[in-house]
Amino acid sequence: MSSIRINIPWLLGLALVALGSSCVKRPLAACPDKGGHEWREVNSPHFRVSTDLGGRVARFTALELEQLRAALLLAWGGQVDPPGQVEVIVVRSEVELEEFTLGKPPEAFLDSSGRSPLMVMAGEGEFLLQQPESLQVQAHELAHHISRFVMVRQPRWLTEGLATWLQTVQFSSLRRKATFGEVHPGFDQYVRNHAPLTLEKLWAWEERPYLSWAETLPYYATSWLLVVYLRERQPERFRDFTARLARAEEPRHAWEAAFREVPGLEEDFRKYKPEREEQLTVELPRISPDFEVRTLDCAEIHALRARLFLRSPGYRSVGERLRLAALEVEEALREDPANVGAVLLQASLTAEPKRRLALARALVQARPDSGPAWSLLGQSLQETNAPVSEQEQALQRALALNPEDVEALVAMAWLHTERGETVEGLAKAERAVLMAPGRASTLEAYAALLFQAGRCAESMTAQQRAIGVLGGHVTEALRAAAEATQTAMQKKLAEYARHCGQPEPPR
């Protein structure tokens, strides 16, 4: 996640003062009856877009995201086609978004920790392709999402460097071609005026996940420059390096294997100045997806707001996030006591397993055709040690309604394994990881199942992937919880290593 340009929201205030406004009501991403605009949801094959920008903009945003996705996949060489949908929330303006980010106004962010990947962006009333800076932001975040399916392990410098390179996408006037490879003007200027970081410092970025934007600027600029350099000067070895990461090799070992025979690589890199980057042009297929458009009711808008409070970056404390999310859930349930999204959030905010089970039973009764409702029931039955037959029935129903439900797949994997059905359990877990390679909890469950199956080396790799996904991808407010989780995951990795007779991997 990154912010591409510096925002100066105080200019809005100056403009309003100039207009003679003495009291201005801050715009909110809220229900129409509470001062907000009408919200619509547009479903396309790979995106579910919710926005308060209006129906026409919603349709074009979904179409443009489909076009952008196709261009990025072709830039990767058509190696993958990520399954499932990405949830996208497009608020009307950056001012609206700042309600949730609390003074940290990025144009977009990506969060892969929930039931589905979530992209959030500020629309500013424009279609993506009509506003080059907005397009760059969306391309950068979508590149992060896609890259997790291409390279299952990757160092942070490569993650950000490639996303920055891919964000340079430009479309032809008829949207028939997309071109990548323009020099990033800001980062290019920085590395011309400042020496790039050493490679050792760049690799150590993993150890400094909570830096300010000013502190991270040398890392972003050097990462972009290194990707440009490797693409131009060492293309075959760079392809070998990324192929090794796609096979889940440890990143530093993959680097050594790919580049150890290159003499003076770092010295050559430090002297490198990109004059004009080699461009990549791809031919785009004609994209005319069928759209399903509907208007969101107030219960759905309150549930959407709750997710934004929980998952947005910014400095708001965990306790305050939970409080604000709970208030939104309360409002949603007041509007519709059986709103699926609101009940799922209510369950996630409920500590008592028996209470969650009661919520799940009531939701299934009210929404018998909802896959997520059955999934919640199956997981709640597992938590309360209910009869296995009840667990299985609920989870099978959930997967029948939604075969891509990651939570249900993981829960079913555990159920198979506990019954000694190791092959079936691992098949479900592998499917969950394919659906959500950016979720640490799914990878950790997969590691545990591999370990139970006696596949030591693979279990350690999966656990390392889980730790790598978690590191550096959480906000400052969640730092303590993330570090505690990482410590617990490291201890589990050490346990796997001891049982496997392997040395504990370095942190």
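Begin by selecting Arg356, which is buried, with a relative accessible area of 14%; here buried means under 20% relative accessible area, exposed means over 50%, and partly exposed lies in between (1.4 Å probe, protein chains only). Before going further, note that this is a predicted model, in which local features need pLDDT of at least 70 and side-chain atom pairs count only at pLDDT 80 or more, while totals for chains, interfaces and linings use all residues. Residues are numbered from 1 along each chain as its sequence is written, and side-chain values use heavy atoms, with hydrogens and water left out.

**Salt bridges**

Arg356 lies in helix H15 and Glu383 in helix H16, so the pair ties together parts that are 27 residues apart in sequence. Helices (H or I, at least four residues) and strands (E, at least two) are DSSP runs, numbered from the N terminus. Glu383, at 42% relative accessibility, counts as partly exposed.

Select Arg367 and Asp336 next, where the side chains meet in a salt bridge of 3.3 Å, N to O. Arg367 is in the loop between helix H15 (353-366) and helix H16 (371-383), and Asp336 is in the loop between helix H13 (318-335) and helix H14 (340-348), so this pair ties together parts that are 31 residues apart in sequence.

Then move to Arg252 and Glu200, a salt bridge with its closest N and O atoms 2.8 Å apart. Arg252 belongs to helix H10 (residues 251-259) and Glu200 to helix H7 (residues 199-203), so the pair ties together parts that are 52 residues apart in sequence. Arg252 is partly exposed, with a relative accessible area of 26%. The structure holds 32 salt bridges, and to see a network of them, select Glu41, Arg48, Glu87, Arg294, Glu300 and Arg307, which are linked in this way.

**The open sheet**

Strand S1 (residues 40-43) and S9 pair in the antiparallel sense over four bridges; two strands count as paired if DSSP finds at least two bridges between them. Colour the whole open sheet of six strands, and you can follow the order S4-S5-S3-S2-S1-S9, with mixed pairing. Strand S4 (108-111) and strand S9 (292-295) stand at the edges, each with a single partner strand, so one side of each is left without a neighbour in the sheet.

Eight of the eight residues of helix H3 (residues 94-101) are buried, so H3 is largely enclosed by the rest of the structure. Just after H3, select Leu102, which takes a positive phi of about 55 degrees.

**A hairpin and its neighbour**

Go to strand S6 (residues 170-171) and strand S7 (residues 177-180), which run antiparallel and are joined by two bridges. S6 and S7 form a hairpin with five residues between them, and Arg175 in the turn has a positive phi of about 60 degrees. The bridge partner of Phe171 in S7 is Ala178, and Ala178 also stands opposite Val282 in S8.

**The disulfide**

Finish with Cys456 and Cys500, joined by a disulfide with S to S at 2.1 Å, where the cut-off is a pair of cysteine sulfur atoms within 2.5 Å. A search of the whole structure finds one disulfide. Cys456 is in helix H21 (residues 456-470) and Cys500 in helix H22 (residues 479-500), so the pair links distant parts of the chain, 44 residues apart. With -90 degrees about the S-S bond, the link is left-handed. Cys456 counts as partly exposed at 24% relative accessibility, whereas Cys500 is buried, with a relative accessible area of 16%.

Conventions: Salt bridge = Lys/Arg side-chain N within 4 Å of Asp/Glu carboxyl O.
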